[in-house]
Amino acid sequence: MEPGLILFRIPFQKKDKIELTKEEVNHLRALRLGSEATIIQFRDGQGGLYDYLLTPHSKELKFQRETFVPPKTERKKIAIALPKGNRLDFFLQKVTEIGLNEVVFLVFRHSIRKEFNLERAEKIVKEAAAQSKQTEILKLSIETAKDWMETHKESLVVFHPFGQKPFELSGLVNKIPVIGPEGGFHEEEETWMEHNQIPKLTLPGGVLRTETCGIVAASFLVYGT
């Protein structure tokens, strides 16, 4: 029997019998499931898949089987300024669906948004991962751009509206794309990139919004390289 519902629980502890949380019950009801026998699959975000049987009028789910999906050998990561407003939600949903492994949010000198609710963001990621049937969870973190870029400067490539060379997929191999804020890079950040010879790539077409450029970069990394 195929899973009628996929849920992420991190961490997950396998037991012979478990109960759904209040939030999980509400999700089940919203999908109008539970009136007949249903397989609920719990995923631990690290490749572990655990099938449980939910029968009508029962509060407990009974363990059925366990499967393990090996993690991806190549980890795909981007570093990006925090998108404004609810654009962050859209960005998280889409890069999760694409299958990106990690997002590092960078706070630049011209960043308008400098913080976000990690708990809420992780909830959005879990829902998008379940809907798109991912086996791993997108890792999120936030760092000061100056310090983080200095540490990772050997691996960086910057998506820049005024880069020195046109975009080529080969320029992303074994690299971490960096997307700056919509206000542009500060003069000191530009000088630092020049001094450290950080490659700057310009995408064809118009200037993209931060979250749009991030989704494009994630697509190139996952599907193109």
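**Notes on the predicted model**

1. The protein contains 6 helices and 12 strands, where helices (H or I, at least four residues) and strands (E, at least two) are DSSP runs numbered from the N terminus. This is a predicted model, in which local features need pLDDT of at least 70 and side-chain atom pairs count only at pLDDT 80 or more, while totals for chains, interfaces and linings use all residues. Residues are numbered from 1 along each chain as its sequence is written, and side-chain values use heavy atoms, with hydrogens and water left out.

2. As to overall dimensions, the C-alpha trace spans about 65 × 30 × 30 Å along its principal axes. Of the 225 residues, 44% count as buried; buried means under 20% relative accessible area, exposed means over 50%, and partly exposed lies in between (1.4 Å probe, protein chains only). The protein exposes about 12,900 Å², of which carbon and sulfur atoms supply 49%; accessible areas come from the Shrake-Rupley method with a 1.4 Å probe, and for residues only the protein chains shown count as cover.

3. Among the contacts with a separation of 6 or more, 70% are made by residues 24 or more positions apart, a contact being heavy atoms within 4.5 Å.

4. The largest nonpolar core has 29 residues, and those with the most contacts inside it are Phe91, Leu92, Val103 and Phe105. A nonpolar core is here a set of buried Ala, Val, Leu, Ile, Met, Phe, Trp, Tyr and Cys residues joined through side-chain atoms within 4.5 Å. Two or more residues of this core come from each of strand 6 (77-81), helix 2 (87-98), strand 7 (102-107), helix 3 (118-131), strand 9 (156-159) and helix 6 (210-224). Leaving out residues up to four places away in sequence, Leu92 touches Phe105, Ala121, Ile124, Val125, Leu138 and Leu140. Another core, of 15 residues, lies apart from it and includes Ala81, Met149, Leu156 and Ile176.

5. Which contacts does isoleucine 179 make beyond its neighbours within four places in sequence? This residue of strand 11 is buried, with a relative accessible area of 3%, and isoleucine 179 is in contact with Ala79, Ile80, Ala81, Phe108, Phe159, Thr210, Cys213, Gly214 and Ala217. Isoleucine 179 and glutamate 194 are 15 residues apart in sequence, and their C-alpha atoms are 16 Å apart in space.

6. Turning to charge, the protein has 32 positive and 31 negative side chains, and the centres of the two sets lie 4 Å apart. In this count Lys and Arg are positive and Asp and Glu negative, with His and the chain ends not counted; the place of a charge is taken as NZ of Lys, CZ of Arg, CG of Asp or CD of Glu.

7. The structure holds 17 salt bridges, a salt bridge being a side-chain nitrogen of Lys or Arg within 4 Å of a carboxyl oxygen of Asp or Glu. In one of them, glutamate 24 meets arginine 9 at 2.8 Å, N to O. Because glutamate 24 lies in helix 1 (residues 22-30) and arginine 9 in the loop between strand 1 (5-8) and strand 2 (17-19), the pair ties together parts that are 15 residues apart in sequence. Glutamate 24 counts as buried at 8% relative accessibility, as does arginine 9 at 19%. Not counting residues up to four places away in sequence, arginine 9 touches Ile18, Glu19, Leu20, Thr21, Glu24, Phe42, Arg43 and Asp44.

8. A salt bridge also joins the side chains of glutamate 66 and lysine 14 (2.8 Å, N to O). This pair links distant parts of the chain, with glutamate 66 in strand 5 (residues 60-68) and lysine 14 in the loop between strand 1 and strand 2, 52 residues apart. Glutamate 66 is partly exposed at 44% relative accessibility, and lysine 14 is partly exposed at 43%.

9. Glutamate 182 and arginine 87 meet in a salt bridge of 2.6 Å, N to O. Glutamate 182 lies in the loop between strand 11 (176-179) and helix 5 (187-195) and arginine 87 in helix 2, so the pair ties together parts that are 95 residues apart in sequence. Glutamate 182 is partly exposed, with a relative accessible area of 38%, whereas arginine 87 is buried at 18%. Both residues belong to a network of salt bridges that links Lys84, Arg87, Glu182 and Glu211.
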